[in-house]
Amino acid sequence: MEKVTQEQINEWKAKHGEIVKITVKDEVNGDKVCYLHKPTRKTLSYASVAGKNDALKFNEIVLRDCWLAGDEEIKTDDTLFISASAKLADLIEVKEAELEKL
């Protein structure tokens with residue numbers, strides 16, 4: 001993977017808003033890293049529909065659509081993919097809302 005610079009991260013932030021870095025610890029082959037932006041409503045909608053028939057498909061779609069840069073092995077190696085997938089839920093921010101009858 002090419003080294004990601006702070007300048008690149010700043011460009012991504014300007015375009016996408018919040019950016020996250022997922023590091024998958026791998027003592028044998030070295031840590032693997034990927035950079036993602038928050039998913040859009042369109043991505044979440046598509047992933048939710050696909051995820052009804054295949055639980056892992058949701059994570060595959062979110063990872064693919066939010067991917068900015070990183071070690072491609074995270075997308076192709078099952079162990080790395082599952083490890084990164086465990087953090088994808090944190091990428092989807094749900095704020096508290098209130099419903100009030102009037």
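User: Why is Cys66 called buried?

Analyst: Cys66 has 0% relative accessibility, and buried means under 20% relative accessible area, with exposed over 50% and partly exposed in between (1.4 Å probe, protein chains only), so Cys66 counts as buried. This is a predicted model, in which local features need pLDDT of at least 70 and side-chain atom pairs count only at pLDDT 80 or more, while totals for chains, interfaces and linings use all residues. Residues are numbered from 1 along each chain as its sequence is written, and side-chain values use heavy atoms, with hydrogens and water left out.

User: How do you know whether Cys66 is in a disulfide or in none?

Analyst: A disulfide is a pair of cysteine sulfur atoms within 2.5 Å, but the nearest cysteine sulfur to that of Cys66 belongs to Cys34 and is 10 Å away, so Cys66 is in no disulfide. The structure holds zero disulfides.

User: What makes Cys34 count as buried or exposed?

Analyst: Its relative accessibility is 0%, and therefore Cys34 counts as buried. Cys34 touches, among others, Ile22, Leu63, Trp67 and Ile74, leaving aside residues up to four places away in sequence, where contact means heavy atoms within 4.5 Å.

User: What makes a group of residues a nonpolar core?

Analyst: The term describes a set of buried Ala, Val, Leu, Ile, Met, Phe, Trp, Tyr and Cys residues joined through side-chain atoms within 4.5 Å. The largest such core here has 16 residues, and Cys34, Leu36 and Leu88 are among those with the most contacts inside it.
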